[in-house]
Amino acid sequence: MTAISLKNLDIFYGEAHITHDVNLEIADGESFALVGESGSGKSTVLKAIAGLAPEWTGEINVFGKPRSHGIDRAFSRQCQMVFQDPYGSLHPRKTVDATLGEALTIHGIGDRSARIEEVMSSVGLDRKFRFRFPHQLSGGQRQRVAIARALMLKPKVLLLDEPTSALDVSVQAEILNLLKRLRQEQNLTFLMVTHNLPVVSFLCDRLAVMRQGRIVEVADVADLKRGDLKDPYSRELMHISAAHAN
Amino acid sequence: MNPLLEIENLRVTFPTPRGDLEVVRGLSFTLGRERLGIVGESGSGKSMTGRSILKLVRAPGRMTADKLTFDGIDLLTRSERQMRPIRGARISMVMQDPKFSLNPVMTIGEQIAEALLTHQRLPRREVNNRVLTMLESVRIADPERVAKLYPHEVSGGMGQRVMIAMMLIPEPDLLIADEPTSALDVSVQAQVLDIIDELVKRKGMGLIFISHDLNLVSSYCDRILVMNTGEVVEECKAGELMNAKHPYTRGLIASIPRLDETRTELPVLDRSAWAKK
């Protein structure tokens, strides 16, 4: 079954034409990466799916249902987004409890306390953090809160926008392990945006390389591991990553 | 030849309600005209070390050292006023994020010129020429156009190159680069570091490259200090980083995913192993 399908997706910010003719099929349970440099439109694709970039033409289907251009509650239950910077994406004056509980209130879901505790333990946050504010947490703990928030409605798809690029390498490892475990336990589908190819190699099954708003190549992660990408631009990205690793 | 920079027993402390917190604890090193990398996680004291060299630790933080000399000058006894001819002109610092470090209401050309004019008097035509040459040397293709732009009109990578141009135009002897590329993409990162590297080599400057990225540091430096909770836990040549002995350094190296990753789980640092002595 297809979790996310994008057909001829063109996204605009006012006059600016950001992506051109993006076509993607992401299977249920798959972990898919969009890679490319700043300005390539990769984050914009995520935003359009999440409903944060409403000006688009083409088709966005999630589990076979077309996505509307506006806010869509049924959609929110299936698909949630985790943002890049845990220092910017959590409300500074809301406790962890308030942040996590908000989604339940909006969707009229009861059993609040038990569900918050369940999600907190699944992302590895101790109960003592429940009534703390973001400034009392470290970067890694904040990103765990951000992931927990996305999981509150038990979605099937997570959109991950550079989930570890604001973190130290040692903390990055913890968050990557957590995402991998959550995906197995809850049978999630990931669509991740990143410019870090080793992270793709660790966490994803397939990847698409974007440049100037277009997808230039879709490949298996096995191809990436073997250094077997075809498009000249993807090869360039790969060589830069490889050069730093040595 | 005398070392460019000598530091002995550097300490930086911040008062907290629970008593003083030492963020740099007795750091010592000497630096010649070479490229030194300082690596560590957030909170390891690496940025504070960089700022201490310029005496830029803000109150209520306090900086003390047994020795802090730069090119034979004792920085410890210098007043704020006496530090000014050193900051920028002889030791300069590239900050992390061009978005917050450039003045949003001055054009790029004016800002770079200001860095030069603060330290010397020059005729306007000469200033203009120097600014344009400097922009060219950080590989900005169209310097005349870019000099007239404001910071919000350029990309992150270009902003960081402008910062580097600004820091290098007074021709300092020592450049401190504090996470100069962590706000940038991988592809732009390499370009910016290559520019720094080339300029440092050509002018025979000293470089202190502060970063949390072990791979970057090992490919752009000669020598590496690994810091953890304010102390140097390991010092080694860049090429020998992979043979590092300290469990902290080894843990950091192991936690980085590789391009040909086969591990199903990444090893995570066990902080209890060395945190308490």
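On a 1 Å grid over the protein atoms alone, a pocket is an open set of points where a 1.4 Å probe fits, with protein on both sides within 12 Å along at least five of seven lines, and its lining residues have an atom within 4 Å of a point.

The model is predicted: local features need pLDDT of at least 70, side-chain atom pairs count only at pLDDT 80 or more, and totals for chains, interfaces and linings use all residues. Residues are numbered from 1 along each chain as its sequence is written, chains are lettered from A and ligands numbered from 1 in the order in which they are written, and side-chain values use heavy atoms, with hydrogens and water left out.

The lining of the second largest pocket comprises 28 residues, with A:S76, A:Q80, A:F83, A:I106 and A:R149 nearest its centre. In chain A, α2 (73-78), β6, α4 (96-106) and α6 (139-151) each give at least two residues to this lining. Helices (H or I, at least four residues) and strands (E, at least two) are DSSP runs, numbered from the N terminus.

β6(A) pairs with β7(A) in the parallel sense over four bridges, where pairing requires at least two DSSP bridges between the strands. A:M81 is opposite A:L159 of β7(A). On the other pairing, β7(A) runs parallel to strand β8 (residues 189-194) of chain A over five bridges, and A:D161 has A:V193 in β8(A) as its bridge partner.

Why is strand β7 of chain A largely enclosed by the rest of the structure? Five of its five residues (157-161) are buried, that is, under 20% relative accessible area with a 1.4 Å probe and protein chains only. In a regular strand the side chains alternate between the two faces of the sheet. For β7(A), A:V157, A:L159 and A:D161 are buried on one side, and A:L158 and A:L160 on the other.

An antiparallel pair is formed by strands β1 (residues 2-13) and β2 (residues 16-27) of chain A, joined by eight bridges. A:Y13 is opposite A:A16 of β2(A). Two residues separate the strands of this hairpin, and A:G14 has a positive phi near 60 degrees.

Conventions: Buried < 20%, exposed > 50% of the residue type's maximum accessible area, 1.4 Å probe, protein only.
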